Amino acid sequence: MSYSHLNRYKKAASFAAVNDATVVDINDAASLVFAVHSVNTASGITLVLEGQISDDGPWVGMSFQASNATAVGTWITVTPAISTLPTNAWHARVAGYGRVRIRTSARTGGSVVLATSLSDKPIL
């Protein structure tokens with residue numbers, strides 16, 4: 001499948017509560033990038049990435065890496081707490097998963113809006 005500018009981008013709804021989530025169908029993508037698109041008085045918001053292999057299978061935790069990471073191997077499982085618009089995005093290897101979700105794992109206040117993008121190119 002080709003990931004043109006017409007179908008690879010998805011802007012998620014506002015995440016304003018713990019466990020708010022967006023689900024992205026992977027199809028044959030190899031990698032995913034997600035970024036905070038905007039913040040609204042965000043405080044203590046953290047995000048996790050979870051994958052699902054089959055439609056009725058469990059959601060399993062996934063590792064991802066900051067887009068501005070300089071050290072190979074600095075994979076994380078939860079974002080740092082978000083209170084302002086981050087200066088980086090995060091990317092993950094998603095080949096083999098049927099779909100992934102990005103979920104709010106903690107929140108003190110406010111909300112964020114996410115943008116996601118798929119690619120058929122793997123993360124090296």
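This note describes the nonpolar core and the strand pairing of a predicted model.

1. Because the model is predicted, local features need pLDDT of at least 70 and side-chain atom pairs count only at pLDDT 80 or more, while totals for chains, interfaces and linings use all residues. Residues are numbered from 1 along each chain as its sequence is written, and side-chain values use heavy atoms, with hydrogens and water left out.

2. The largest nonpolar core has 24 residues, and those with the most contacts inside it include L32, F34, L47 and V100. Such a core is a set of buried Ala, Val, Leu, Ile, Met, Phe, Trp, Tyr and Cys residues joined through side-chain atoms within 4.5 Å, where buried means under 20% relative accessible area (1.4 Å probe, protein chains only).

3. Among the elements that give two or more residues to this core are β1 (9–15), β4 (46–52) and β8 (99–106), but the largest share, four residues, comes from β3. Strands here are DSSP runs of E with at least two residues, numbered from the N terminus.

4. L32 touches, among others, V24, L49, W90, V94, V100 and L118, not counting residues up to four places away in sequence; a contact means heavy atoms within 4.5 Å.

5. Two strands pair if DSSP finds at least two bridges between them. β3 pairs in the antiparallel sense with β9 over ten bridges, F34 having T116 as its bridge partner in β9, and with β7 over four bridges, where S31 has R93 as its partner.

6. Four strands form an open antiparallel sheet in the order β2-β8-β4-β5, with β2 (21–25) and β5 (60–61) as the edge strands. Seven bridges join β4 to β8, and L47 stands opposite T104 in β8.

Definitions and conventions. Buried < 20%, exposed > 50% of the residue type's maximum accessible area, 1.4 Å probe, protein only.
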